[in-house]
Protein chains: 2
Amino acid sequence: MSERIGIQIHLPEWLTAFERELPGNLVGAKSRMAVAISLSEQNVHHQTGGPFGALVVNEKTGEVVAMAVNRVEPQRCSSAHAEVLALTLAQQRLGTWNLADPSLPALQLVTSCEPCAMCAGAIPWSGVRSVLCGATKADAESAGFDEGDRPLEWVDQLRRRGIMVTTELLRDEAKLVLQQYAKRGQTIYQPSL
Amino acid sequence: MSERIGIQIHLPEWLTAFERELPGNLVGAKSRMAVAISLSEQNVHHQTGGPFGALVVNEKTGEVVAMAVNRVEPQRCSSAHAEVLALTLAQQRLGTWNLADPSLPALQLVTSCEPCAMCAGAIPWSGVRSVLCGATKADAESAGFDEGDRPLEWVDQLRRRGIMVTTELLRDEAKLVLQQYAKRGQTIYQPSL
């Protein structure tokens, strides 16, 4: 039998305990965002990737389906952004590429920073019904990150697809993690051609 | 020791033999595109995913670094588009998230169909220097696929980042695979909310 070609992305070891210690349900938008920010913070603290965290929750109950952090550098994968990994983990755990499957409850993506152009493009394919964002594109850029050529009207574009977006939730707290990361002089991983 | 959370995406088994049987170097843009189209065709033939194929090659010599096909349905992952998987495989094989690393030759992404909004957003993060595309957004849409809210000026946006894009290479051949897939009534995997 021939060897199978494949891709593996690992989340950091500390995430397993982090997930286990969470309360069962995250009630309210702010408590969900606090977890996303805490993920971004822990990822900086443990030096296991960039200052970004995301989770997928049951929109109504706040039950956590999956959570992830940025893994670009340690996993050598430029698309291993927190949002893409959280969506992928949720899909693999629920056994479907389509989180809008009628058998599932409405699901929500919660991210410590507004999605970049790639992640904004990934959201409609995932099947999530709503998105909560913390830090803004301007915050990410002022910390040295490039958000890509995301359409200016991205919130309206997602809304037209039936996906509600809330921005600037606990923005100051989310922004602080980006600033701390930048101050420490850690890698801003954008290829410069 | 706690269990590690992770993601696995497998490419189809036939891809190993396909890769082994390729000529060492793909000289010229059309021979590279012919391989991308052949990947899309084989993926439909084997029923191992959507009608899309992509590869990463050495821009100058045409040496193949990695190749992939769409794996959304079989791997239950809405972001498992051919382009993202080919870029990720190339990065894992070369041991870097940054294909523009000065130690590497210039690398090129070749895709059987123009990138969707997500994949167009992923290209600048990958470090490839140029992109060759076969079928157009209109071709994908006429076969029932949604390309997302990709900015109209995406080619210029990539060019401003130093990434040269060539479109409509062997367009008719690439389009034919999309049409054949649609005719067979195979899944068009876009979540409808």
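How are H4(A) and H4(B) oriented to each other?

1. Basis. This is a predicted model, in which local features need pLDDT of at least 70, side-chain atom pairs count only at pLDDT 80 or more, and totals for chains, interfaces and linings use all residues. Residues are numbered from 1 along each chain as its sequence is written, while chains are lettered from A and ligands numbered from 1 in the order in which they are written.

2. The H4 pair. Helix H4 spans residues 117-126 in chain A and residues 117-126 in chain B. Helices (H or I, at least four residues) and strands (E, at least two) are DSSP runs, numbered from the N terminus. The two H4 helices pack at an angle of about 155°, and their axes are 7 Å apart. Axes here are lines fitted to C-alpha atoms, for helices over the stretch in contact, and angles run from 0 to 180 degrees between N-to-C directions. H4(A) and H4(B) are therefore roughly antiparallel to each other. The cut-offs are under 35 degrees for roughly parallel, over 145 for roughly antiparallel, 65 to 115 for roughly perpendicular, and oblique for the rest.

3. Handedness and residues. H4(A) and H4(B) cross in a left-handed sense (the near helix is turned anticlockwise from the far one by less than a right angle; clockwise would be right-handed). On the H4(A) side, the meeting residues are A:Ala117, A:Met118, A:Ala120, A:Gly121, A:Ala122 and A:Trp125. H4(B) brings B:Ala117, B:Met118, B:Ala120, B:Gly121, B:Ala122 and B:Trp125. Contact means C-beta atoms, placed from the backbone, within 7 Å. This contact of H4(A) with H4(B) has 10 nonpolar, two polar and no charged residues. Ala, Val, Leu, Ile, Met, Phe, Trp, Tyr, Cys and Pro count as nonpolar, Asp, Glu, Lys and Arg as charged, and the others, Gly among them, as polar.

4. The whole interface. Chain A puts 54 residues into the contact, and chain B puts in 54 residues. On chain A, strand S1 (6-10), helix H1 (14-21), helix H3 (82-94) and H4 each supply at least two residues. H4(A) gives the most, with eight residues. The side of chain A that touches chain B has 26 nonpolar, 20 polar and eight charged residues.

5. H4 inside its own chain. In H4(A), 10 of its 10 residues are buried. A residue is buried if 20 or more other C-beta atoms lie within 10 Å of its own, exposed if 12 or fewer, and partly exposed in between. The buried residues of H4(A) pack against H3, strand S4 (107-113), strand S5 (130-135) and helix H6 (154-160) of chain A, as well as H4 of chain B. Just after H4(A), A:Gly127 has a positive phi of about 95°.

6. H3 against H4. H3(A) and H4(A) pack at about 15°, with axes 9 Å apart. That makes H3(A) roughly parallel to H4(A). Their crossing is left-handed. A:Glu83, A:Val84 and A:Leu87 of H3(A) contact A:Cys119, A:Ala122 and A:Ser126 of H4(A).

7. An exposed residue. A:Arg4 lies in the segment before S1 of chain A. A:Arg4 counts as exposed because it has 11 C-beta neighbours inside 10 Å. Residues up to four places away in sequence aside, A:Arg4 touches B:His10 and B:Glu13.

Notes: Two residues are in contact if their C-beta atoms, placed from the backbone, lie within 7 Å.
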